[in-house]
Amino acid sequence: MKIILLGPPGVGKGTQAQQIARDYTAKHISTGDILRDAIKKETQLGRKAKEYMDKGELVPDEIMLGLIEETLFGGHPKANYILDGFPRTLPQAEGLTALFRKHNTEIDRVILLEADQDEIVSRLSARRVCANCQAVYNLHTNPPQQDGICDQCGGRLVQRKDDQKETILKRLKVYAEQTAPLIDYYRDKGKLDPVDASGSPDEVYTKLKKILGKIS
Ligand code: AP5
């Protein structure tokens, strides 16, 4: 299984990818998580990425393409994975297609998660993440048992810097301008499955399973 989860910030890509990874024994590859980990470790990549991420802008394509090639094909190539947050621009999508061709493989499906802007802003404003284990919560729909404390590891819950209202709106603008063109790119390839992601996580997952059932 090789799938891409496409969709605006906060639509629930990470939430759904984790569930798929658990049920289908696939690797969840989130470029956002990889970059945040690099920032935490203060690597060269992390220092560069932080400049862009804090402002809600995209990290340059050449950095991201190098990162994804190393992640997918460096060391032990992975057989089953869900790409969450990559590709995000046309050059990234074209680069990924070329990379797959070079390695004699291809993407199975591209699942487009869609929800309206008010819902997205509400989800992101209420998101909290564990500073220690990165578990994701939502103050409205998935609150922790104890205020500000991670249920899984007891770590401190924090708000992502790019989840401030102004930066959320910037990220949505960047999505509309630079990532939304990928919808036509993958539709033209006959790979796209749009899914209404406005319901609860379980309702959305039920729809995804129907699509995944045709692949695996
Ligand atoms: P990244 O981390 O990928 O952020 P994003 O795409 O903006 O997506 P999010 O993680 O914000 O949201 P999500 O869709 O995963 O939603 P989630 O499941 O958490 O990227 C961050 C930054 O890194 C970028 O801005 C960029 O700078 C850089 N970057 C990353 N990849 C890059 C690339 N390829 N090229 C260049 N730059 C790159 O859910 C959100 C909240 O809603 C949670 O609280 C959750 O609990 C809740 N929720 C989820 N589903 C539901 C539901 N169905 N109902 C109610 N609540 C829900």
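Before anything else, one cut-off: when I say buried, I mean under 20% relative accessible area, with just the protein chains counted. And keep in mind that what you're looking at is a predicted model.

So, let's start with Arg160. You'll find Arg160 in the loop that runs between strand S7 (157-158) and helix H7 (165-179). Is Arg160 buried or exposed? Its relative accessibility is 15%, and because the cut-off is under 20%, Arg160 counts as buried. Its side chain has a polar contact, at 3.0 Å, with the side chain of Asp162. If you skip residues up to four places away in sequence, Arg160 touches Arg36, Arg127, Val129 and Arg171.

Two of those names come back when we turn to the ligand. There are 34 residues around the ligand, and the ones that come nearest are Thr15, Glu57, Arg88, Arg127 and Arg171. By type, the shell splits into 13 nonpolar residues, 12 polar ones and nine charged ones.

Where do the shell residues come from? Helix H1 (13-24), helix H2 (31-40), helix H6 (117-125) and strand S6 (136-138) each put in at least two. H2 has the largest share, with four residues.

Gly85 has a backbone N or O atom 2.8 Å from a nitrogen atom of the ligand. For Thr141 it's a polar side-chain atom, 3.3 Å from a ligand nitrogen. And a polar backbone atom of Pro201 sits 3.2 Å from a nitrogen atom of the ligand. How much of the ligand does the protein cover? On its own the ligand has 1000 Å² of accessible area, and the protein covers 96% of that.

Last stop, strand S1, residues 2-6. Five of its five residues are buried, so S1 is largely enclosed by the rest of the structure. That goes for both faces: Lys2, Ile4 and Leu6 are buried on one side, Ile3 and Leu5 on the other.

Which strands does S1 pair with? One is strand S3 (residues 81-84), which runs parallel to S1 and is joined to it by four bridges. In that pairing, Lys2 stands opposite Tyr81. Strand S4 (residues 109-114) also pairs with S1 in the parallel sense, over four bridges. There, Leu5 has Ile111 as its bridge partner.

Conventions
Residues are numbered from 1 along each chain as its sequence is written. This is a predicted model: local features need pLDDT of at least 70, side-chain atom pairs count only at pLDDT 80 or more; totals for chains, interfaces and linings use all residues. Side-chain values use heavy atoms; hydrogens and water are left out. Buried means under 20% relative accessible area, exposed over 50%, partly exposed in between (1.4 Å probe, protein chains only). A polar contact is a pair of N or O atoms within 3.5 Å; within protein, one must be able to donate a hydrogen and the other to accept it, and residues adjacent in sequence count only if both atoms are side-chain atoms. Contact means heavy atoms within 4.5 Å. A residue is near a molecule or strand if one of its heavy atoms lies within 4 Å of it. Accessible areas come from the Shrake-Rupley method with a 1.4 Å probe; for residues, only the protein chains shown count as cover. Ala, Val, Leu, Ile, Met, Phe, Trp, Tyr, Cys and Pro count as nonpolar, Asp, Glu, Lys and Arg as charged, and the others, Gly among them, as polar. Two strands pair if DSSP finds at least two bridges between them.
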